[in-house]
Amino acid sequence: MDQNYGDEYERLLSEGDRSDTDDRHDDKHPQSSQDQLQPRQQPVEIGQKVAYGFGHVFNDITATIWFSYTMVYMQDVVGMSPAMAGFLLFFGQTIDAISTPFVGIIVDKFGNKKNWILLGTALKTISFPLIFYIWNLSMFVTTMIYVCAIFTFQMAWALDQISHLSLIPELTSSSVERGKLTSIRYMFIVSTNILMFIIAWFIFRGVRSNSNWSSLIGPNDSQKFQILALITTMVGVFSALIFQMFLKNPRNNYRKLTYGQNRAVNFNKIIKFCKTMQLYQVAVVFTTCKLLINIALIYIPLFINESAIDESGTIASIPLVAYLSSLVTSIGVEYIKPRYKSDKIIFTLGSITSIFGSCLVFFNPNNELTYHYLCLAAICFGSGSAITSVLSLSITANLIGNDTDCGAFIYSAVTFSDKLINGLVIIGIELMKCTNLEECSHYYRDVLAFSSGLLALIGLFVFLSIPKKLIKASKNASSHIGF
């Protein structure tokens, strides 16, 4: 294909992108004879939507187990200090953050995102079970093994996440269809994590403490964590196989022009995105939404360990409540949205719900009612994050528009701060924890309450400042979980 034809395609693509938002729309443009080069607008087939949803399941369930149980496992089973356990989580998040931009550039340059997801699947299959294995070696050697396993796992996780997200703009250029793919992706996140927490509840249930803070989970529970890691891996591999077998590679002409010719990465376009304030606004919203739910997943089990709750199954049942409420909310939000003219109102409702959950955590009576307060808080966290997470992903897809040749980089850019700040926040929290448990008996309660509330407020203020063109496009992208 000659260069003039390629230049003509770029011109048409730019025109299509301008027509995607109201402030750049111009009905006076005549129809071009090259309209067939535009990324396809038709609806994505039902089977392709379902197959796409399976593609990120392995990442979703490993991330949930990673955030929910790594700190408990390292401290109470392996015997590491809180600072060292926090460092390992920080190390993993830092590797994920640093690798993300490079992964985005590589994926954009060499294309065929299904192949990259396949590579990430293989690496996670090897590395993830090693993180939850007791090695019976010196603490130094054990720590080094964990470092290597975490390094490989996080590199693979970033590879799969960016490749899967950047498939959305390639599968369709329709804002509505992108919104549906985003909702399908979120539905699979919630559904598979509900499955994993049900499995975790069966694995952990039955152990009760004797009013000893550290006895709820201990070294004798190492085999339970190993079983959970192996089941997680098997479910993830099965889901990845469904994705690889049934999702067709995007076959729009845009993909053929770029990846078919192994075109160089468009650094000029990347630099242009980096100079726009919208990129950083979207990144902040995305980061606060992700960090809020991650903080809840990490510190609910630790809060349970320091509270009056004395049954080990609660470290699975309460997160399960959060995900069940998230699933119900993500389905019901479609029936709420038509009542409001702007997604900003919906996002505000989600943020206020999360803040109310923080209040429930802080004002729990620390007695036999603590479990009920925490269940209500989990419902608030799950419902609030369901609303804000879907909208944060929608505005990210709208930011990319038709610039799918650098879509992976944009997704990597907005997730970079999420992963890095996750690690910094966690290591900071663990370093500030006092060594005398009697002096900070409510430490994790305060962490869970204040950090979640603050993150919800920050995300709300920034979302309200985002330009109307991105919010308006998001409004047209239905968050309904359906086909």
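**Aromatic pairs and a bent helix**

A search of the whole structure finds 19 aromatic pairs (rings of Phe, Tyr and Trp, its six-membered ring, with centres within 6.5 Å; planes under 30 degrees apart are stacked, over 60 edge-to-face, the rest tilted). In one of them, the ring centres of tyrosine 69 and phenylalanine 204 lie 5.6 Å apart; their planes stand at 45°, so the pair is tilted. Tyrosine 69 sits in helix 3 and phenylalanine 204 in helix 8 (residues 175–204), so the pair ties together parts 135 residues apart in sequence. Tyrosine 69 is buried at 0% relative accessibility (buried means under 20% relative accessible area, exposed over 50%, partly exposed in between, with a 1.4 Å probe and protein chains only). Phenylalanine 204 is buried too, at 1%. Both rings belong to one aromatic cluster, which also includes Trp66, Tyr73 and Phe197.

This is a predicted model: local features need pLDDT of at least 70, side-chain atom pairs count only at pLDDT 80 or more, and totals for chains, interfaces and linings use all residues. Residues are numbered from 1 along each chain as its sequence is written, and side-chain values use heavy atoms, without hydrogens and water.

Now follow helix 3, residues 57–78 (helices are DSSP runs of H or I, at least four residues, numbered from the N terminus). Helix 3 bends by about 50° at tyrosine 69 (the angle between axes fitted to the seven residues ending there and the seven starting there). 22 of the 22 residues of helix 3 are buried, so the rest of the structure largely encloses it. Glycine 79 follows, with a positive phi near 95°.

Definitions and conventions: Helix = DSSP H or I, 4+ residues; strand = E, 2+ residues; numbered from the N terminus. Expected span 1.5 Å × (residues − 1).
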